[in-house]
Amino acid sequence: MENQGCGPGPRPEGEAGAPPGTTEDPPAGRVPQPQPLPYEGVWRFTASAVDASVPQARHAVRDLLHRQGVPAPDDLVQGLLLIVSELVTNAVRHAALLSPVLAVEVAVGAEWVRVSVEDSHPYRPTALEADHGRTGGRGLLLVREITREAGGVCDVEHTTSGGKVIWAALPLTPAGNR
């Protein structure tokens, strides 16, 4: 897997503030932006759309969360890792022909963590319901249920390049503790 670097915060909106660790005074009339917590950021990894990338992506996300000191309970981390495994598996199985490379992104905010998998295949899965007569095809249903139980949200979006990104965002505080 190739690390594509990280940004100063997950999905920044509006004007970008100073990078973490800088102590620059804001211009007159602007409210100073709070500095990100040490574990906040966005990290993106690319991988070949092959079976070996599934455990590599899972281990990379687990190691990243640990290295950054993300205050996530173990059950939340296990759910995130299962989501990553399912999304990378789907990209490998269904998009590899048109998308030999996929991207895994982890974005961590003060109160949430978001994982996403992007590929270049234009097909956007719409059915999140399982066909109980089939032995497979329940990956996105599982992603949806894990996300829902944690109090998070998930979705599928088109990318500007014609591919898709499937993501799940989970709160760092378990749903039962809010």
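Reader: Hi! What covers the buried residues of helix 3?

Author: Hello! This is a predicted model, and in it the cover over the buried residues of helix 3 includes helix 2, strand 5 (153–158) and strand 6.

Reader: And which residues in helix 3 are buried?

Author: Gly139, Leu140, Leu141, Val143, Ile146 and Thr147 are the buried ones in helix 3.

Reader: Let's zoom out. How many helices and strands does the protein chain have?

Author: There are 3 helices and 6 strands. Reading from the N terminus, the order is β-β-α-α-β-β-α-β-β.

Reader: What share of the residues is buried?

Author: Buried residues make up 40% of the 178 in the protein chain. As for the accessible surface, the total is about 10,200 Å², and carbon and sulfur atoms hold 53% of that.

Reader: OK, on to the largest nonpolar core. Which residues touch the most other members?

Author: The core has 37 residues, and those touching the most other members are Leu65, Ile83, Val88, Leu102, Val106, Val108 and Val113. Elements giving two or more residues to this core include helix 1 (53–68), strand 3 (101–108) and strand 4 (112–119).

Reader: Which element gives the most?

Author: Helix 2, with 10 residues. As a general point, nonpolar side chains in soluble globular proteins tend to be buried together.

Reader: You listed Val113. What is Val113 in contact with, leaving aside neighbours within four places in sequence?

Author: Its partners on that basis are Leu65, Leu76, Leu80, Val106, Ala107, Val108, Ala168, Ala169, Leu170 and Leu172.

Reader: Changing topic: is His121 buried or exposed?

Author: His121 is buried, because its relative accessible area of 17% is under the 20% cut-off. His121 sits in the loop between strand 4 and helix 3.

Reader: What does the His121 side chain reach?

Author: The backbone nitrogen of Tyr123, at 3.0 Å. Setting aside neighbours within four places in sequence, His121 is also in contact with His94, Ala95, Leu98, Ser99, Gly162, Gly163 and Lys164.

Reader: One more loop. Where is Pro36 found?

Author: Pro36 is in the loop between strand 1 (2–7) and strand 2 (41–48). Pro36 is partly exposed, with a relative accessible area of 28%.

Terms used:
Residues numbered from 1 in each chain as written. Predicted model: local features only at pLDDT ≥ 70, side-chain atom pairs only at ≥ 80, totals over all residues. Heavy atoms only, no water. Helix = DSSP H or I, 4+ residues; strand = E, 2+ residues; numbered from the N terminus. Buried < 20%, exposed > 50% of the residue type's maximum accessible area, 1.4 Å probe, protein only. Core = buried A, V, L, I, M, F, W, Y, C linked by side-chain atoms within 4.5 Å. Contact = heavy atoms within 4.5 Å. Polar contact = N/O pair within 3.5 Å; in protein donor to acceptor, adjacent residues only side chain to side chain. Areas by Shrake-Rupley, 256 points an atom, 1.4 Å probe, with all protein chains shown as cover.
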